[in-house]
Protein chains: 2
Amino acid sequence: MEKLLLGPGPSNTAPQVLEALARPTIGHLDPDFLELMDRVQQSLRQLFRTKNPVSIPVSGTGSAGMETLLVNLIEPGERIVIAVNGVFGGRAADLAQRLGADVETVTMPWGQPVDPEAVEQALRKKPARHLFFVHAETSTGALSDAATLANLAREHGALCLMDCVTSLTGLPVEIDDWGVDAAFSGTQKCLSVPPGLSPITLGPRALEKISQRGASPPSWYLDLSMVEKYWGPERSYHHTAPINMIYGLDAGMTLALEEGLDRRFDRHREAHQALRRGLEALGLSLLPPEGSRLPMLNAIELPAEVDEPALRQRLLGEHGIEVGAGLGELRGKVIRVGIMGHNAHRQNVVTFLAAFAECLSHQGRPVDPGAGVAAAITSA
Amino acid sequence: MEKLLLGPGPSNTAPQVLEALARPTIGHLDPDFLELMDRVQQSLRQLFRTKNPVSIPVSGTGSAGMETLLVNLIEPGERIVIAVNGVFGGRAADLAQRLGADVETVTMPWGQPVDPEAVEQALRKKPARHLFFVHAETSTGALSDAATLANLAREHGALCLMDCVTSLTGLPVEIDDWGVDAAFSGTQKCLSVPPGLSPITLGPRALEKISQRGASPPSWYLDLSMVEKYWGPERSYHHTAPINMIYGLDAGMTLALEEGLDRRFDRHREAHQALRRGLEALGLSLLPPEGSRLPMLNAIELPAEVDEPALRQRLLGEHGIEVGAGLGELRGKVIRVGIMGHNAHRQNVVTFLAAFAECLSHQGRPVDPGAGVAAAITSA
């Protein structure tokens, strides 16, 4: 039986994507591949809702996309304000420090969205060149107000850098409307393509900043001044692109665009609402406050007496369902349930709720699986 | 018709590898995946002929493997001697400079192997912490004497860093016997797995150097102190591994180990000899001197009047055969023909020679295709 991947990613890969992965490899400079590269860039612009010419997949997983943005945009000594409301903001702060930036973190309790007022204070205190925040915090399930934060960056003369690894194609990501200068995502979340590529997009202000660098960035592999010459009209060889993974990305994006992004967002929201209703019927709740909850990633607060590792192990071993552990300070206190991309259907929510109730009962905390399932399948 | 990839990589992917790529994605912390990770590391040790515990695939293409070695091993101000006899030594020098190293390049004419005497002079002149060289220069087809170079590094107290992107599983790579401290490879050459991963191996001296670093490397994604904790017994999450690509690597390595490395080397050598005989019959020769020629990558010197881009275009368009252009100073002067991995069979050599002769004739340089083919199929 195929496992049901309801963790923080990867989600289950769509059959059409698996088929694409297995297409015969061709050369990275083959005219047919160059044509595919054009289509991939056009599709990425549609997903990001941007006109940015530089909208490409980085040859690495989501964290390589984060690194591409920071290593190209940050120069030593530059001030960057980083909002930290979970693991991934913290990761960006770690990296920015390695790159010699003057890092100011604005920390929020885990599970809370980024507080725009706290960010504005940090930007007011001392001019910053960059603001970094995570749109959809995969470690907590919190959604932040990207439009407001991007606006603050612009008002204060900072570039706006956004992590949208978990949100892309699961809820609106409006690069141009919001005025985000640079963003990165992943393939293994709401796109349901295996991990291995990181879609990024950079706007004119970000590219101008890069063109004015004093020295080359401390990375050759991720140096955008060269990478973009391979993806752009020059087609000059940089490194060998991960051909088959790009077949998979292309297939995954085609599925998303054929469905229509707005319908895809609706599908994620509906699955999330079904999960929320089911959990409430079981007497459980989600970590982030209402209004700041991601549809595709749900951090469920566990009663104190639940043995979390045993619960996850039983879900996987007995029911074939993978969910994610809490990270950092949330370890043991929450499980993270992803209802992403190909998986975002009420049927998977029902499957999860029934199995979850069985696992809770198995730990001597009897709940009525019927109640959760009934609530989930009833429209609000 | 499937294209025949006889360029510098990717080579054609074996059907078993394509099948593996299309297996359902599972989680990067799933017990079944952790088991696969163990097998992958064991297989890598066999390919590299090493006992090094840290033998893992980096989540990026070959250049990401180069970057992983340099970014972790080099600290600012450290002296590194880099042998440059083609594009890839030059790439390492570029990267080392970005990392603040004191770089001394030892340059050889393109097509020549690395000259151990010149390297020794550079190591004598002033103590260096590192020596970097390319075992198999993909840009020229030259093979260097890795055992001698590794020995020189050791004698002079330098770490030995080796690029074996193109040689691994196509000719002997003896990490432990030679005393190479750190090496990286790629998947899309003699392994016939699509591009996207870079196998690396690091020995005790390299790991000790990393453990004594003053500051963290300027990369988070490639920071080995963290990456190895995911691949090692700790299994602590770092970044999401490229699951399906690792399925493919596993399948490709299984094929290589089932065949037996020595038999695989023989197969490459025999295909190369067939090609060499065929080219000689056409009055053509290979760029590197005899004794320093790679079996898997052949830089064929073209007569001055040949229009090289038109020749490659006709090979691909009319015959479905991809070969590589010359890079840098070799542009227009050579074509690079890879007979790698899954493709290293005399049958492909014959297919190439017949088509190549037709393309030369088409450019008004009539050659007898029969002569080349006859020479190729005749055992020496």
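Let me begin with how the two chains meet: 100% of the interface residues of chain A are also interface residues in chain B, so the copies meet through the same surface. Please keep in mind throughout that what we are looking at is a predicted model. In this model, 47 residues of chain A are in contact with 47 residues of chain B. On chain A, the elements that give two or more residues to the side touching chain B are α1 (15–21), α3 (62–73), α4 (87–98) and α10 (243–259). If we sort the residues on that side of chain A by class, we find 20 nonpolar, 18 polar and nine charged ones.

Let me now turn to chain A by itself. Chain A is divided into domain 1, which covers 15–258, and domain 2, which covers 260–377. The C-alpha centres of these two domains of chain A lie 28 Å apart, and the contact between them takes 22 residues from domain 1 of chain A and 23 residues from domain 2 of chain A. On the side of domain 1 of chain A that touches domain 2 of chain A, the residues divide into eleven nonpolar, ten polar and one charged.

One residue of chain A that I would like you to find is Ser192(A), which sits in the loop between β9 (182–184) and β10 (198–202) of chain A.

For the rest of the talk we move to chain B, and we start with a helix. At 1.5 Å a residue, the 21 residues of helix α11 (residues 261–281) of chain B should span 30 Å, and the end C-alpha atoms of this helix are 31 Å apart, which agrees. The buried residues of α11(B) are Arg264(B), Phe265(B), His268(B), Ala271(B), His272(B), Ala274(B), Leu275(B), Arg276(B), Gly278(B), Leu279(B) and Ala281(B). What covers them includes α10 (243–259), β11 (297–301), α13 (346–362) and α14 (369–377) of chain B. Just after α11(B) comes Gly283(B), which takes a positive phi of about 80°.

Strands of a sheet pair through backbone hydrogen bonds, either parallel or antiparallel. In chain B, an open sheet of three strands has the order β11-β14-β13, with antiparallel pairing. Here β11 and β13 of chain B stand at the edges, each with a single partner strand, so one side of each is left without a neighbour in the sheet.

β11(B) and β14(B) pair over five bridges, and in this pairing Ala299(B) stands opposite Arg336(B). From strand β13 (residues 324–325) of chain B, two bridges reach β14(B), where Gly324(B) stands opposite Arg336(B) and Ala325(B) stands opposite Ile335(B). Five of the five residues of β14(B) are buried, so this strand is largely enclosed by the rest of the structure. Both of its faces are covered, with Val334(B), Arg336(B) and Gly338(B) on one side and Ile335(B) and Val337(B) on the other.

Finally, compare this with strand β5 (residues 130–134) of chain B, where five of the five residues are buried, so β5(B) is largely enclosed by the rest of the structure. From β5(B), His130(B), Phe132(B) and Val134(B) point one way, and Leu131(B) and Phe133(B) point the other way. In which sense does β5(B) pair with strand β3 (residues 79–84) of chain B, parallel or antiparallel? These two strands pair in the parallel sense over three bridges, and Ile80(B) has His130(B) as its bridge partner in β5(B). β5(B) also pairs with strand β8 (residues 159–163) of chain B, again in the parallel sense, over five bridges, and there Leu131(B) stands opposite Cys160(B).

Key
Residues are numbered from 1 along each chain as its sequence is written. Chains are lettered from A and ligands numbered from 1 in the order in which they are written. This is a predicted model: local features need pLDDT of at least 70, side-chain atom pairs count only at pLDDT 80 or more; totals for chains, interfaces and linings use all residues. Two residues are in contact if their C-beta atoms, placed from the backbone, lie within 7 Å. Helices (H or I, at least four residues) and strands (E, at least two) are DSSP runs, numbered from the N terminus. Ala, Val, Leu, Ile, Met, Phe, Trp, Tyr, Cys and Pro count as nonpolar, Asp, Glu, Lys and Arg as charged, and the others, Gly among them, as polar. The expected span of a helix is 1.5 Å times one less than its number of residues. A residue is buried if 20 or more other C-beta atoms lie within 10 Å of its own, exposed if 12 or fewer, and partly exposed in between; C-beta atoms are placed from the backbone. Domain bounds come from an automatic or database domain assignment. Two strands pair if DSSP finds at least two bridges between them.
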